[in-house]
Amino acid sequence: MRFDVLTIFPSFFEENPYFKYSILGEATKKGQIEVHTHDIREYSEDKHKKVDDTPYGGGAGMVMTCQPLFAAIKSVKKENPKAPVVFLTPQGETWTQPHAEEFATKHEQTGLILLCGRYEGIDQRVRDALVDIEISIGDYVLTGGELAVMTLIDSITRLIPGVLGNENSPEEDSFCVKFDRKKEYPHYTKPEEFQGIKVPDVLLSGHHANIEAWRHDNLK
Ligand code: 6GU
C-alpha cells in the first residue's frame with residue numbers, strides 16, 4: 001500500500017526510526033508499504049518559500065495558504081490519481097479501528113494521499129476543492145498532522161494481510177469484531193507465581209471452553 005505524505009517536515013518521516021525497524025520497517029523492506037514524502041514548501045512560488053499567512057478577519061495564528069497546497073496536491077495526484085486525499089485535522093472524524101479496517105481494504109490498491117496541516121489550519125478553499133476525507137485522532141490538539149499520519153499508517157499497515165505473523169493476528173485485537181469491538185482480556189505468561197501474585201487458576205486448567213468463557217467475561 002502506498003502512502004503519499006504532504007508535510008512541511010518531510011524529515012519527520014524520512015529520518016524516523018519508527019518506519020525503519022520492527023513491523024513497519026519489515027513491511028517497508030518487503031514492499032508491503034511505501035511511504036513517499038512531499039515537502040509542501042518546495043511547491044511555494046513565494047521568493048522566501050512561504051507557505052502561511054495571517055487569517056482574514058484577524059485572530060491568532062497563521063493559516064496555510066492555497067497556492068503551495070493546490071500545487072503540491074495536484075502534483076501528487078498526477079502520480080497517484082485514484083488515491084483519496086485525507087486531511088488530518090482535529091475537526092475531522094475521529095479515527096477508530098473500524099476506520100483502520102475500512103482503509104486497509106478499501107484503499108489498499110489506490111493508497112492514500114495524507115495532508116498534514118500546521119499552524120492554525122489551512123485555507124478552507126483547499127478543503128472544499130481538494131480534500132476527500134477529514135480525520136482526527138482524538139479530542140486534543142497536536143502541533144500538526146504528522147503524528148496523526150503516523151498513527152494512521154501504523155494502524156492500517158498492521159492490518160494488511162501478511163504484515164503481522166500468525167502469532168499476533170489482528171483477528172484477536174482489542175476492538176475486533178470477534179470481541180464485540182471491546183478491549184482485550186488480560187494476558188499472563190510464566191511464571192505461574194511472581195512475588196506472591198498468581199495467574200488465575202482457569203488459565204492453567206487446560207479447559208478450553210472455560211478459558212474462552214473467562215476471556216469473554218473479561219473483555220472491557
Ligand atoms: Cl489530525 N491534527 C492536529 N493538529 N491535532 C489533532 C489531530 C490532528 N487529531 C487530534 N488532534
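This is a predicted model: local features need pLDDT of at least 70, side-chain atom pairs count only at pLDDT 80 or more; totals for chains, interfaces and linings use all residues.

Trainee: How many helices and strands does the chain have?

Mentor: Both kinds of element occur in the chain. The count is 8 helices and 10 strands.

Trainee: Into which domains is the chain divided, and what distance separates their centres?

Mentor: Domain 1 covers residues 2-157, and domain 2 covers residues 185-217. Taken over C-alpha atoms, the centres of domain 1 and domain 2 are separated by 43 Å.

Trainee: What radius of gyration does the chain have?

Mentor: Along its principal axes, the C-alpha trace spans about 70 × 40 × 30 Å. For a compact globule of 220 residues, the radius of gyration would be near 17 Å. The chain has 22 Å.

Trainee: Which strands stand at the edges of the open sheet of 3 strands?

Mentor: The order in this open sheet is S3-S4-S7, and the pairing is mixed. Strand S3 (52-53) and strand S7 (121-122) each have a single partner strand, so one side of each is left without a neighbour in the sheet. The edge strands are therefore S3 and S7.

Trainee: Which residue in S7 is the bridge partner of Val63?

Mentor: Strands of a sheet pair through backbone hydrogen bonds, either parallel or antiparallel. Strand S4 (residues 63-64) and S7 run parallel and are joined by 2 bridges. In S7, the partner of Val63 is Gly121.

Trainee: Which element gives the most to the shell around the ligand?

Mentor: The residues around the ligand include Leu88, Thr89, Pro90, Ile135 and Ser136. The shell divides into 7 nonpolar residues, 4 polar and no charged. With 3 residues, the element that gives the most is S5.

Trainee: Which residue has a backbone N or O atom 2.6 Å from a nitrogen atom of the ligand?

Mentor: Polar contacts are counted within 3.5 Å. A polar side-chain atom of Ser136 lies 3.4 Å from a ligand nitrogen atom, and a backbone N or O atom of Ile137 lies 2.9 Å from a ligand nitrogen atom. At 2.6 Å, the residue is Tyr140.

Trainee: What percentage of the ligand's accessible area does the protein cover?

Mentor: On its own, the ligand has 290 Å² of accessible area. The part that the protein covers is 96%.

Note on methods: Residues are numbered from 1 along each chain as its sequence is written. Side-chain values use heavy atoms; hydrogens and water are left out. A residue is near a molecule or strand if one of its heavy atoms lies within 4 Å of it. A polar contact is a pair of N or O atoms within 3.5 Å; within protein, one must be able to donate a hydrogen and the other to accept it, and residues adjacent in sequence count only if both atoms are side-chain atoms. Accessible areas come from the Shrake-Rupley method with a 1.4 Å probe; for residues, only the protein chains shown count as cover. Helices (H or I, at least four residues) and strands (E, at least two) are DSSP runs, numbered from the N terminus. Ala, Val, Leu, Ile, Met, Phe, Trp, Tyr, Cys and Pro count as nonpolar, Asp, Glu, Lys and Arg as charged, and the others, Gly among them, as polar. Domain bounds come from an automatic or database domain assignment. Two strands pair if DSSP finds at least two bridges between them. The radius of gyration is taken over C-alpha atoms; the globule rule is 2.2 Å times the number of residues to the power 0.38.
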